[in-house]
Amino acid sequence: MAVKTTTPDVGDRFDSVVEVLAKANEPKTGDELAGIAADSDAERVAAKRALAGIRLETLRENPVVPADEDEVTRVIQEAVREPIYEEIKDWTVADLREYLVAMGTGEREIAAIRPGLTSEMIAAVTKLMSNLDLALVTSRMEVPARCNTTVGERGTLSFRLQPNDPADDVSNIVDATREGLSYGVGDAVIGVNPVQDSVETTTRILEATHEFIEAWDVPTQNCCLSHVTTQMDAIREGAPADLVFQSLAGTEAGNDEFGVDVDLLDEAHDLAQRRCVSSGPNVMYFETGQGAELSGDAHHGVDQLTLEARCYGLAKRYDPFLVNTVVGFIGPEYLYDGRQVIRAGLEDVFMGQLHGIPMGIDACYTNHMGADQNDIENLAVLLAAAGANYFITVPMGDDVMLNYQSNSYHDAAALWELFDLEPAPAFREWLAEMDLWREGRLTERAGDPTIFT
Amino acid sequence: MASDSNPDSDTEPLEPTADPDSDADQANEEALRRIADRNPTRLGVGRSGPRPTTDALLEFRADHGVARDAVHSRVSDGLIDDLGLVELRTTVADTDQYLARPDLGRELDADSLERLERECEPAPEVQIVVSDGLSSSAVEANVPQLLPALLDGLEGRDISVGTPVFVEFGRVDVMDAVGEELEADCCVSLIGERPGLRTAESLSAYLVYGPKRGSATAKKSVVSNIHDGGLPPVEAGAELVDLIAEMLAAEASGVDLREDDREFRTE
């Protein structure tokens with residue numbers, strides 16, 4: 001069992017950085033399915049101990065997928081600001097954790113080291129942190145972004161309004177938008193997942209949401225979450241989009257499964273900056289989720305948390321407005337139950353913010369997972385306390401198009417009240433003009449979609 | 001339920017919006033009803049303070065309970081006997097393992113492999129595999145009508161059908177193992193879909209020409225959303241007969257059969 005290797009710091013119990021990273025993970029069915037998880041809790045902790053002693057330089061020099069095989073690795077490596085990296089490269093992963101949790105560490109101190117970190121370093125420190133560590137350090141970070149509205153400022157909590165319809169019926173989509181706005185949600189984005197991935201449907205959805213936003217002067221942005229190439233074609237033909245969306249994976253092979261690569265994403269970003277109808281500067285929207293690479297057989301034997309971190313390393317290249325993990329959508333073979341989903345949700349938001357990307361979450365679950373609405377309400381409370389930028393909301397938590405459950409429109413007001421938070425400033429002022437917001441709370445008019453008819 | 005606002009409070013609390021006694025509210029109520037009735041989503045559910053009303057909350061939990069039960073219950077022995085299915089199982093031990101290990105749900109256990117050889121007709125044109133999948137309710141609700149329609153339809157076209165089997169704890173791809181063992185020309189999997197809150201009874205049919213272990217999802221054709229509120233099971237049976245005839249004639253399935261057949265619903 002004891003194998004000496006040439007990789008420094010790894011210790012004699014494990015063969016490689018990849019193995020230590022995988023075995024140091026909190027339990028996830030996806031890592032077990034991949035056959036790379038620790039065999040026992042004792043081995044898990046041994047891996048965490050080994051990881052704690054690994055230097056950041058070792059992680060930089062041993063990316064989990066070699067740079068010559070994977071463009072995501074190259075994007076991450078090339079983004080490192082070398083002088084800052086030089087200052088911290090001799091830190092161990094334990095040193096990094098202790099810097100993050102130290103008294104007096106805030107956004108300023110974290111911002112000072114952020115450009116020197118790689119996704120592997122961020123994944124590594126995440127594996128040493130408890131749930132409360134993750135929530136605490138996330139709450140110290142502030143990563144706002146601006147499209148038409150600004151989300152992620154301290155004291156605010158924003159929401160994506162997700163008015164999906166199983167037939168892409170735009171009148172239903174607009175009704176669900178009316179209802180959501182009447183609950184005060186929608187300042188992050190009015191974002192629709194279409195059933196049919198076509199230019200025609202994408203255009204129809206973008207036009208309907210854009211017209212509604214214009215007619216009611218709503219300070220927000222629209223998005224239709226079809227494949228990026230479909231959106232690009234629609235935008236080129238004049239469809240009014242505020243943001244351009246794509247799902248990301250943490251490896252080149254995973255992105256290939258999604259039908260994208262860095263060149264294409266560069267082109268999409270360039271087009272978005274020139275042709276989106278929003279005022280920017282942040283015009284991209286990405287979704288991610290632990291396990292996507294394994295489900296596409298594109299994981300290279302790497303654990304799902306580390307690959308998730310690499311998604312954020314890639315996302316960062318495009319200065320996105322919104323990034324969220326769709327944490328419980330993938331199913332129990334990757335995240336088994338509420339406990340694993342809650343852990344992954346905390347990890348993902350922490351890792352995103354530590355990368356410096358404006359991170360939100362779709363706190364969600366499917367019906368074959370050992371979870372229910374209480375679990376994701378728990379997760380929402382934890383991440384509202386931790387200062388996630390935004391959550392996804394759907395009518396009564398039930399998305400009848402994607403066949404899963406997320407937070408309800410109702411949850412926004414409860415979370416604002418619990419933590420004394422408010423919607424994004426411009427949106428809050430608009431709610432006040434609509435007589436939906438007064439003195440830090442929704443008014444008695446709230447919850448009535450007929451206001452917008 | 002809607003009490004007056006607390007006089008000590010500076011802000012007006014959230015209370016249910018509709019007061020059915022006033023005319024204006026009645027018109028509003030009708031407009032709300034129209035929105036709610038037209039939409040498949042849970043719109044117009046109202047609120048109690050910032051939270052859902054008790055009715056809306058309990059209705060949601062009731063629907064989730066039905067969905068959970070569909071995942072965790074098993075297809076009854078009575079149904080399997082009534083339909084004359086040869087009962088097999090995969091290498092999965094129990095529901096928990098089924099959910100966590102899709103790989104184990106794609107292979108038959110040793111007893112089942114033996115039984116398959118002993119009791120099932122070899123080399124049929126079509127082999128039918130019924131599996132509980134993620135919803136036993138979907139099998140119970142649809143297969144008793146769908147299977148006879150499918151068998152009659154295939155007989156009417158002189159297409160030979162092997163001995164239909166039931167595979168407990170089966171994933172879609174277990175049909176590759178069954179079909180390969182029996183050397184069937186094509187295989188049909190009737191399997192319970194992941195239940196949603198609207199219905200827990202939706203069934204899918206996956207079809208593959210030249211079943212072989214490890215074949216790609218894109219090589220499979222699918223007819224989904226089979227239930228009384230979607231594609232009714234008898235109509236689905238007829239649709240499958242047409243599709244099977246097309247597959248046998250073209251000696252292909254999935255993207256090889258129809259280029260536009262790219263959108264697959266995975267489990």
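## Where chain A meets chain B

Let's start at the interface of chain A and chain B, where 20 residue pairs are in polar contact, both partners at pLDDT 80 or more. This is a predicted model, so please read every value here as computed from it.

One to look up in the structure joins the side chains of D411(A) and R51(B), with N and O 2.9 Å apart.

The size of an interface is often given as the accessible area lost when the parts come together. For chain A and chain B, the buried area is about 4100 Å², and carbon and sulfur atoms give 54% of it. In residue terms, the contact takes 54 residues from chain A and 46 residues from chain B.

## Two domains within chain A

Chain A itself is divided into domain 1 (17-140) and domain 2 (145-452). The C-alpha centres of these two domains of chain A lie 26 Å apart. Where they touch, 43 residues of domain 1 of chain A are in contact with 44 residues of domain 2 of chain A.

Together, domain 1 and domain 2 of chain A bury about 3700 Å² between them, with 62% of it on carbon and sulfur atoms. Within domain 1 of chain A, the residues that lose the most area to domain 2 are K28(A), E71(A) and T138(A), together 16% of what that side buries.

## Polar and charged links between the domains

Four salt bridges are counted between domain 1 and domain 2 of chain A. K28(A) takes part in a salt bridge with E347(A), where the closest N and O atoms are 2.8 Å apart. The two domains of chain A also share 31 residue pairs in polar contact, both at pLDDT 80 or more.

On the side of domain 1 that touches domain 2, the elements giving two or more residues are α1 (17-23), α2 (29-33), α5 (71-78), α9 (119-128) and α10 (131-140) of chain A. The residues of that side divide into 22 nonpolar, 10 polar and 11 charged.

Note on methods. Residues numbered from 1 in each chain as written. Chains lettered and ligands numbered in written order. Predicted model: local features only at pLDDT ≥ 70, side-chain atom pairs only at ≥ 80, totals over all residues. Heavy atoms only, no water. Domains from an automatic or database assignment. Contact = heavy atoms within 4.5 Å. Buried area = accessible area lost by both parts, 1.4 Å probe. Polar contact = N/O pair within 3.5 Å; in protein donor to acceptor, adjacent residues only side chain to side chain. Helix = DSSP H or I, 4+ residues; strand = E, 2+ residues; numbered from the N terminus. Nonpolar A, V, L, I, M, F, W, Y, C, P; charged D, E, K, R; others polar.
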